[in-house]
Amino acid sequence: MKFALIFAMLAGCGAFAQGPDVRLGEPAPPTTTVAAVAEAKVQPPGRASEASNASAVAPAELPEAPSVALTAAPAPPAAMIKLKPRPTEHRFFDATNSLALTSLAAGLTLDAVSTQKGLSRPGFYEMNPLARPFVSSRAGAAAYSAGSFALLAGGMYLAHRRGHHKLERIVPFAIASWEGLLGARNYHVIANGTR
């Protein structure tokens, strides 16, 4: 029953969409094409009588014809929002990171050499409890310094991959400065012979 009702409604809508029934003897109304509707001029609201006269003269100019201005693109907003451009991605081994890795290696080397020189004197010992087991020999000190450098360079690369570029650049310079300060302190203690 539902399907019969739906079919009847669709058939009725299809009959109205096809146009008037010519068998009844009624004349067919004038048809307009899409081009004629697009060329139709829109009359201002005060000239409704002229529009009705124009529709009597030319069937293409209907008052309910869609306006071409309605299909035009909307005007851009008065205030535009400009986004900041994304910073360009730098390579890991650029000039700044190369300088950071070089200064880190120099600071670690200065600390290792000054520590080895100081350990040859009486009363001198390593203050870092993590490095103390390694620095008793030159090979152990070299392995500790190389491991420290590899760990810090790996941390820099990880910070670079995750987008923490400030951290990637600040930490190696800070650690290189600290290691340089420790190396200078070691040479000061060696020169004065006091702790």
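User: Leaving aside its neighbours within four places in sequence, with which residues is F149 in contact, and what makes them contacts?

Analyst: F149 is in contact with L101, L104, A105 and L108. They are called contacts because heavy atoms of the two residues lie within 4.5 Å of each other. The model is a predicted one, in which local features need pLDDT of at least 70 and side-chain atom pairs count only at pLDDT 80 or more, while totals for chains, interfaces and linings use all residues. Residues are numbered from 1 along each chain as its sequence is written, and side-chain values use heavy atoms, with hydrogens and water left out.

User: Where does F149 lie, and why is F149 called buried, partly exposed or exposed?

Analyst: F149 belongs to helix α5; helices here are DSSP runs of H or I with at least four residues, and strands are runs of E with at least two, numbered from the N terminus. Its relative accessibility is 28%. Buried means under 20% relative accessible area, exposed over 50%, and partly exposed in between, with a 1.4 Å probe and protein chains only. F149 therefore counts as partly exposed. From C-alpha to C-alpha, F149 and L108 are 7.6 Å apart, although 41 residues separate them in sequence.

User: What makes G180 partly exposed, and where is G180 placed?

Analyst: G180 is in helix α6. Its relative accessible area is 22%, so G180 is partly exposed. Neighbours within four places in sequence aside, G180 is in contact with G107 and L110.

User: How do you know that the span of α4 agrees with expectation?

Analyst: Helix α4 has 25 residues, and its end C-alpha atoms are 36 Å apart. The expected span is 1.5 Å times one less than the number of residues, which gives 36 Å for α4, so the two values agree. Helix α5 (residues 138–161) has 24 residues and reaches 34 Å, close to the 34 Å expected. After α5 comes G163, whose phi is positive, near 90°.

User: Which residues of α4 and of α5 are buried, and what covers them?

Analyst: In α4 the buried residues include L101, L104, G107, L108 and D111. The buried residues of α4 pack against α5 and α6. In α5 they are G140, A141, S145, S148, A153, M156, A159 and H160, and their cover includes α4 (95–119) and α6 (165–192). Across the protein, buried residues make up 22% of the 195 residues. The protein has six helices and zero strands.

User: How many aromatic pairs are found, and why is the pair of F92 and F93 called edge-to-face?

Analyst: The whole structure holds three aromatic pairs. In one of them, F92 and F93 have their ring centres 4.9 Å apart and their planes at 75°, an edge-to-face pair. Rings of Phe, Tyr and Trp (its six-membered ring) pair if their centres lie within 6.5 Å, and planes under 30 degrees apart count as stacked, over 60 as edge-to-face and the rest as tilted. F92 counts as buried because its relative accessibility is 11%, whereas F93, at 55%, is exposed. Ring pairs link F92, F93 and Y157 into a cluster.

User: What makes the pair of F134 and Y144 stacked?

Analyst: The planes of F134 and Y144 are 25° apart and their centres 5.6 Å apart, which is a stacked pair. F134 is in the loop between α4 and α5, and Y144 is in helix α5, 10 residues apart. F134 is partly exposed, with a relative accessible area of 40%, and Y144 is also partly exposed, at 25%.

User: What lines the largest pocket, and why is such a space called a pocket?

Analyst: The largest pocket has 21 lining residues, with D111, E126, N128, E179 and L182 nearest its centre. On a 1 Å grid over the protein atoms alone, a pocket is an open set of points where a 1.4 Å probe fits, with protein on both sides within 12 Å along at least five of seven lines, and lining residues have an atom within 4 Å of a point. About 390 Å³ of space lies in this pocket. Helices α4, α5 and α6 each supply at least two residues of the lining.

Notes. Points joined across faces, edges and corners; volume = space filled by probe spheres on them.
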